[in-house]
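Hi everyone, thanks for having me. Please have the sequence and the 3D view open while I talk.

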Amino acid sequence: QVQLAESGGGLVQPGGSLSLSCAVAGNVYEISLIDSMAWYRQGPGKYRELVARVFSGGTSNYADSVKGRFTISRNNDKKMFYLHMEDLKPEDTAVYFCNVNTRTSDYWGQGTQVTVSS
């Protein structure tokens with residue numbers, strides 16, 4: 001089993017910045033099998049959507065809506081990964097979830113609220 005815990009959410013004004021962290025804990029062998037680490041979000045009345053993903057080889061991809069504004073990064077030991085968000089917009093308001101995939105299993109955090117409002 002792998003457990004994930006997000007931190008760093010909060011209220012920020014439009015144009016501001018915020019960074020989210022995801023701590024990864026649990027079975028050491030399963031953590032070693034993590035193939036990708038990702039951030040998803042679910043806004044009010046919307047479906048959960050992929051925001052950014054980074055693969056074990058280092059490549060990453062982003063939703064078109066956040067390209068150039070958000071950056072995903074990770075520690076080499078797979079124990080922490082991050083989402084740095086800049087130039088935040090009201091439409092970025094959502095609950096943000098971290099996710100890891102080991103090819104056979106998917107794990108999710110509980111989510112952290114990000115609210116962009118003046």
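This is a predicted model: local features need pLDDT of at least 70, side-chain atom pairs count only at pLDDT 80 or more; totals for chains, interfaces and linings use all residues.

Residues are numbered from 1 along each chain as its sequence is written, and side-chain values use heavy atoms, with hydrogens and water left out.

Let's start with the disulfide, meaning a pair of cysteine sulfur atoms within 2.5 Å. The structure holds one. Its partners are C22 and C98, with sulfur atoms 2.1 Å apart. The link ties together distant parts of the chain: C22 sits in strand β3 (residues 18-26) and C98 in strand β9 (residues 94-101), 76 residues apart. Strands here are DSSP runs of E, at least two residues long, and helices are runs of H or I, at least four, each numbered from the N terminus. The link is right-handed, with 60 degrees about the S-S bond.

Are these two cysteines buried or exposed? Buried means under 20% relative accessible area, exposed means over 50%, and partly exposed is in between, using a 1.4 Å probe and protein chains only. C22 is at 0%, so it counts as buried. C98 is also at 0% and therefore buried.

Next, find R48. Which rings does it lie over? One is F97, with R48 over its face at 3.7 Å from the ring centre. Another is W108, where the distance to the ring centre is 4.7 Å. To count, NZ of Lys or CZ of Arg must be within 6 Å of the ring centre and within 35 degrees of the ring normal.

Now for the cavity: a set of points on a 1 Å grid over the protein atoms alone where a 1.4 Å probe fits but cannot get out, with lining residues having an atom within 4 Å of a point. The largest cavity has a volume of about 30 Å³, where volume is the space filled by probe spheres set on points joined across faces, edges and corners. Its lining is I34, D35, M37, F55, S56, R74 and K78.

Last stop: L33, in the loop between α1 (28-32) and β4 (36-42). L33 has a relative accessible area of 36%, so it is partly exposed. L33 and S105 are 72 residues apart in sequence, yet their C-alpha atoms are 9.8 Å apart in space.

Conventions
On a 1 Å grid over the protein atoms alone, a cavity is a set of points where a 1.4 Å probe fits but cannot get out, and a pocket is an open set with protein on both sides within 12 Å along at least five of seven lines; lining residues have an atom within 4 Å of a point.
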